[in-house]
Amino acid sequence: MEKLLLVDMDKCTGCKQCSLACSLTKEDLFDPARGRIKILKREDIALGVQLLCEQCEAHPCIKACPDGALSRDTKTGIITVDMEICTQCGSCVESCPYHGIRSHPETGVPLICNLCKGDPYCVKHCVPGALLWVKRTDELFTQKKKLRSARMAAYKDIKKEVA
Amino acid sequence: MYGHQGKILHVDIGKRKSWVEELPEEWRKLYVGSRGINARILWDYCKDPEITWDDPRNIIIFAPGAVTGTTAPASGRTSVTTVGCTTGLYLKSNTGGHWGAELKYAGYDHLVVHGVAEEPVYIHIQDDLVEVLDAKKLWGKDIIKTDKLLKKWHGDDSRGLYIGPAGENLVRAASIQCSVYHAAGRGGGAAVMGKKKLKAISVKGTHPIQVKDPAKFAKIAEEMRENLRADSGAQGLHQFGTSASVAGVNELHAFPGKNWQTGYTENVYPLTGQALVSEGYLKRRVACFGCTIACHRYSTIDKGPNAGIASGGPEYETFGALGNGPGIINTEGVLLANEMCNRLGLDTITAGGVAQWAIESYLRGVLTKKDTNGLDLGWGKLPELLKVIEALALRKGKLGDLLGDGLKIATKKIGHDSYKWAVMNAKGLEQSNVETRSAKAYSLAFAVNPRGNDHLMTETFAEFGTSPEAVAVIEKITGSKKWASPHFTEYRAEIVRWHEDCYEITEALGFCVFTSTAAFGVNPENMARLYAAATGIELTEEEMMRTGRRVCTLEKAFNVTRGATRAHDNLPWRLMNEGAASGPLKGAMNSQKELDGMLDRYYELHEWDKETSWPKRSTLEKLGLKDVADYLGKLKKLPKE
């Protein structure tokens, strides 16, 4: 059964359980900076914006990599990094239109969500339901894109204000 | 190190130097973390009773919990400990927000601030970089502007803790704000910072936190998370915030109004969390770090003359202290007062407490317009209330100075029996908005609270028996379900004793006390297991609870050095001498006789001396506090055995 991850900013309380859960399942420790999902937090307006790989159709990260270290599963859209090839240059991080990739604080390799290969660990931790792992329908796919647009608009506003 | 980061950061802001001390292994076993270890540090540095709140030797300690920064649900809280300025006694205040987790990621379990700066300073921490920097540009600025500047200088992802103008002005009602809208509000810790000329602490950190057994830890954290997900109390807190309970409390005629002269308000709906939602004020449900409940609110006014007003809250306590208390039965009115307190850095509970006392004093003719900055005070007068709040924060005019010192000092200045309607006990902290006349464990807990009478050193909500989980807690303590009713005086000492320990370990680990004493997803048994998985330190449930008891006794001992006796463990005059105004509990009162009965049993359970309330040498030694006993002996403050 094909599933998709709905990421709703309006339900996000900014707690960072998702980032912590991610760092735990991937690296056996707790560090929000090592989460493949990240919360961009604006404390004064109490906003949390979730940022992560969207398995998007355009996937400019693949092309941006000068060494061809990134590959994409055509069925699931999941991006995989070949650690042997990756030079930690950061080109993929820069190229992502959804600000969904960042570099590992220690090793510099890109951190890209792989949906835990079909059972995202973060979802169980999101009690308010801002992250939902649901059966894919056309309607929900459209909904996912709408939620993403709202997050990207908020991201832009935040960055504009800070700059 | 596992669980803890293993480091205590000391900063002397007078000498502008810092040093790091290893976290003693023994303390992790005896005091666990946060509030517990803070109590030990405060004892070690400030036990000498000559060290008053404003003495340069007073220290202020900030500490996230032993499991803060992990997926343990709602474990992101921070204890702040110092010699309190409102009571002159032991003060622990506790805040949510995201600052504490950041301190831990910077590599520190505790931050101890020593000394006094000559000019305003702030502390900047970025992992190993620790600086005491000039705060001239921040001094005088409100909380919102201070946060903005700190983020401009140190990054949008830095986290701040700060005082506003109220703290700078040494106002007792001042609050330490954290992550903008969260607060270590009670007891005047912000005035201690103000006295030290410490405006803010900005933190950013990159050190991960590791636990001893990640798989086991994740499993126990999941169990707690799922308990809370299923808990009706936690669900209500998420949906409608702390003020979800206002209507229910009002139905019990236990929602204090007009300075505790009423308990029931006809149309209370505007003061509820439900109204924040239905009237469109609620913009977002907000979580502290790692919290799966998210009871905090972010509310805005979008229309009308007050459009643009936005802030965190209001909480239950604020709807009480600045709404029902002064008679402002109006959502927008409370939003305005709340926003002003958050911005100027005031604790809404104390701000409301002193404002209500001022209103009643004026209506009784004890204060006149000469004392009130010309204000014609009265119940339900919003513009006047806002002027009182402003005067309080800025110590404006005669009124600002009078209220700025808190009711303990103000009632002495004014005389005329004005202590009779100052709702505080002998320790001198303005009471939180809980009706103790009809809840007997609460009344005992409020009386013995080392920092003054409020619900934030222990909470005995379970005595109401409002859910099967609450009843189960009471049954566990007393052996019978039948004691799950707040009007009994029997077994209240047992209930308070158990909750003191549970509350303490909850805070030592960094959990929000809602998880264990308002909702029931976290408990001593699963906390002991979690602590072992986090640190490798195996404590049984009983041993874990014993660390709580050790800390409560140490906190008590600290107050004994400052002259605390049994007489300090009392209740406000009004609640001891005037009956509840209406409802099924009409006429209900706290009385000295009733309290004495509960106190005797409480001291007995603690193995403290009944006459003086002081801990005995044998008790202290049994708890591993021989050095404390020796010091109290030197002060001649050990009871006869």
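These legends describe close-up views of a predicted model.

**View 1. The six-stranded open sheet of chain B.** The strands of this sheet follow the order β2-β1-β6-β3-β4-β5, and their pairing is mixed. β2 (17-22) and β5 (90-95) stand at the edges; each has a single partner strand, so one side of each has no neighbour in the sheet. From one strand to the next, the twist averages 20°.

**View 2. Strand β3 of chain B and its two partners.** Strand β3 (residues 60-64) runs antiparallel to strand β6 (residues 110-114), and three bridges join the two. Within this pairing, B:I60 stands opposite B:V113, and B:I61 stands opposite B:V112. β3(B) is also antiparallel to strand β4 (residues 78-83) of chain B, to which five bridges join it. Here B:A63 has B:S79 opposite it in β4(B).

**View 3. Burial along strand β3 of chain B.** In a regular strand, side chains alternate between the two faces of the sheet. B:I60, B:F62 and B:P64 point one way from β3(B), while B:I61 and B:A63 point the other way. Five of the five residues of β3(B) are buried, so the strand is largely enclosed by the rest of the structure.

**View 4. The three-stranded open sheet of chain B.** The order of the strands is β13-β14-β15, with antiparallel pairing. The edges are formed by β13 (282-286) and β15 (310-312), each with a single partner strand, so one side of each is left without a neighbour in the sheet. The twist in this sheet averages 15° from one strand to the next. Three bridges join strand β14 (residues 296-300) to β15(B), and the two strands run antiparallel. B:Y298 has B:G312 in β15(B) as its bridge partner.

**View 5. Packing of helices α7 and α21 of chain B.** Two packed helices are described by the angle between their axes and the distance between the axes. For α7 (residues 214-230) and α21 (residues 524-535), the axes come within 8 Å and cross at roughly 155°. An angle over 145 degrees counts as roughly antiparallel, and α7(B) and α21(B) are therefore roughly antiparallel to each other. α7(B) passes α21(B) in a left-handed crossing. On the α7(B) side, the contact is made by B:K216, B:F217, B:I220, B:A221, B:E223 and B:M224. α21(B) contributes B:N526, B:R529, B:L530, B:A533 and B:A534. By class, the residues of this contact are seven nonpolar, one polar and three charged.

**View 6. Packing of helices α19 and α24 of chain B.** Helix α19 (residues 492-509) and helix α24 (residues 592-606) pack at an angle of about 45°, and their axes are 8 Å apart. That angle makes α19(B) oblique to α24(B). The crossing of these two helices is right-handed. From α19(B), the contact includes B:R492, B:A493, B:E494, B:V496 and B:R497. From α24(B), B:M598, B:R601, B:Y602, B:L605 and B:H606 take part. The contact of α19(B) with α24(B) has five nonpolar, one polar and four charged residues.

**View 7. Helix α15 of chain B and its surroundings.** In α15 (residues 397-404), the residues B:L399, B:G400, B:L402, B:L403 and B:G404 are buried. The buried residues of α15(B) pack against α13, α14 and α16 (406-414) of chain B. α15(B) is followed by B:G406, which has a positive phi, near 85°.

View 8. B:W379 lies in the loop between α13 (348-363) and α14 (382-394) of chain B. A residue counts as buried if 20 or more other C-beta atoms lie within 10 Å of its own; B:W379 has 19 and is partly exposed. Leaving aside neighbours within four places in sequence, B:W379 is in contact with B:K258, B:P326, B:G327 and B:I359. The C-alpha atoms of B:W379 and B:G325 are separated by 8.4 Å, although the two residues are 54 residues apart along the chain.

**View 9. The contact between chains A and B.** In this interface, 22 residues of chain A are in contact with 28 residues of chain B. On the side of chain A that touches chain B, helix α1 (residues 17-27) of chain A supplies the largest share, four residues. By class, this side of chain A has 12 nonpolar, four polar and six charged residues.

Technical notes. Residues are numbered from 1 along each chain as its sequence is written. Chains are lettered from A and ligands numbered from 1 in the order in which they are written. This is a predicted model: local features need pLDDT of at least 70, side-chain atom pairs count only at pLDDT 80 or more; totals for chains, interfaces and linings use all residues. Axes are lines fitted to C-alpha atoms, for helices over the stretch in contact, and angles run from 0 to 180 degrees between N-to-C directions. Angles under 35 degrees count as roughly parallel, over 145 as roughly antiparallel, 65 to 115 as roughly perpendicular and the rest as oblique. A crossing is left-handed if the near helix is turned anticlockwise from the far one by less than a right angle, and right-handed if clockwise. Two residues are in contact if their C-beta atoms, placed from the backbone, lie within 7 Å. Ala, Val, Leu, Ile, Met, Phe, Trp, Tyr, Cys and Pro count as nonpolar, Asp, Glu, Lys and Arg as charged, and the others, Gly among them, as polar. Two strands pair if DSSP finds at least two bridges between them. A residue is buried if 20 or more other C-beta atoms lie within 10 Å of its own, exposed if 12 or fewer, and partly exposed in between; C-beta atoms are placed from the backbone.
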